[in-house]
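This report goes through one protein model, from the whole chain down to single residues. Keep the sequence and the structure in view while reading.

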Amino acid sequence: CDWSSDVCSSDLPNPAFVNYSVNGSNYGLVYRVNDTIAFSANHAQSFRISAGEGSDLFTPGKKQEIQTGEGTDLSMRLSLLNGRIEMNTTYYSNFQPNSRISPAPAQNIKDELTAIFPTTFNAAGTDYQHLRTSGWELELVANLTRHWRLILNGATNKLVRSEEHTSELQS
């Protein structure tokens, strides 16, 4: 990942209102070998604004940044018997380095932590986790007649979550 999310200078009196600068790019390629087979590839970087930027995290003094992510997908399309049978298959892989997590500890734990750390624990805060997803999608299409189409679709998905920063709440 080559992401940068920079806080721009702000003269606003409330630190919850911050300005960010995020760069992203998207590009793709489709290669049609012939009328029967085609391949495609796509890579995209994205960001999500208006999702609580500037709000406090559980970590004292840290603010939420703009959520960013990127993904790559590769696909192949087959068209057989003059388009009567089609097959599309796609492999995808995505990464989100700063996905939000709100572990929501029990109220008695929040109360106790607030009493122990009155100036540093933010009971209303959230934190980050890293998410990686990958999987396959397969779609089979049979054009039975001009007005009837039979579609079979299936997918797999693997999710890996890592780097939770809430260990102090789990002990």
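## Surface and overall make-up

The protein exposes about 11600 Å², and carbon and sulfur atoms supply 54% of it. Accessible areas come from the Shrake-Rupley method with a 1.4 Å probe, and for residues only the protein chains shown count as cover. This is a predicted model, in which local features need pLDDT of at least 70 and side-chain atom pairs count only at pLDDT 80 or more, while totals for chains, interfaces and linings use all residues. Residues are numbered from 1 along each chain as its sequence is written, and side-chain values use heavy atoms, with hydrogens and water left out.

The secondary structure comes to two helices and nine strands. Helices (H or I, at least four residues) and strands (E, at least two) are DSSP runs, numbered from the N terminus. From the N terminus on, the order is β-β-β-β-β-β-α-β-β-β-α. Of the 171 residues, 30% count as buried; buried means under 20% relative accessible area, exposed over 50%, and partly exposed in between (1.4 Å probe, protein chains only). A contact means heavy atoms within 4.5 Å. Among contacts between residues at least 6 apart in sequence, 60% join residues at least 24 apart.

## The E3-E4 hairpin

Strand E3 covers residues 26-32, and the count of buried residues among its seven residues is zero. A hairpin of four residues joins E3 to E4. Two strands pair if DSSP finds at least two bridges between them; E3 and E4 (residues 37-48) pair in the antiparallel sense over seven bridges.

Tyr-31 is found in strand E3 and counts as exposed, at 52% relative accessibility. Together with Val-33 and Phe-39, Tyr-31 forms a nonpolar patch on the surface, with about 290 Å² of accessible area for the three together. Patches are made of residues with over 30% relative accessible area and no salt bridge, where like charges are joined within 9 Å and nonpolar side chains (Val, Leu, Ile, Met, Phe, Trp, Tyr) within 5 Å. A salt bridge is a side-chain nitrogen of Lys or Arg within 4 Å of a carboxyl oxygen of Asp or Glu.

Most residues other than glycine have a negative phi.

Leu-81 is found in the loop between strand E5 (67-80) and E6, and Asn-82 has its place in the loop between E5 and E6. Leu-81 is exposed, with a relative accessible area of 61%, and Asn-82 counts as exposed at 85%.

## Residues of strand E6

Asn-98 lies in strand E6, which covers residues 85-101. Is Asn-98 buried or exposed? With a relative accessible area of 7%, Asn-98 is buried. Leaving aside residues up to four places away in sequence, Asn-98 touches Glu-65, Ile-66, Gln-67, Thr-68, Tyr-128 and Gln-129. Asn-98 and Gln-129 are 31 residues apart in sequence, and their C-alpha atoms are 5.7 Å apart in space.

Thr-90 is found in strand E6 too and counts as buried, at 18% relative accessibility. Not counting residues up to four places away in sequence, its contacts are Asp-73, Leu-74, Ser-75, Gly-135, Trp-136 and Glu-137.

## Strand E7 and its partners

E6 and E7 pair in the antiparallel sense over 15 bridges, and Phe-95 stands opposite Arg-132 in E7. Seven antiparallel bridges join E7 to strand E8 (residues 149-155), with Glu-139 facing its bridge partner Asn-153 in E8. A hairpin of five residues joins E7 to E8. E7 and strand E9 (residues 158-162) run antiparallel and are joined by five bridges; His-130 has Ser-162 in E9 as its bridge partner.

Rings of Phe, Tyr and Trp (its six-membered ring) pair if their centres lie within 6.5 Å; planes under 30 degrees apart count as stacked, over 60 as edge-to-face and the rest as tilted. By this rule the count comes to one aromatic pair. The rings of Tyr-91 and Trp-136 have centres 5.1 Å apart and planes at 55°, so the pair is tilted. This pair links distant parts of the chain: Tyr-91 sits in strand E6 and Trp-136 in strand E7 (residues 127-143), 45 residues apart. Tyr-91 counts as partly exposed, at 29% relative accessibility.
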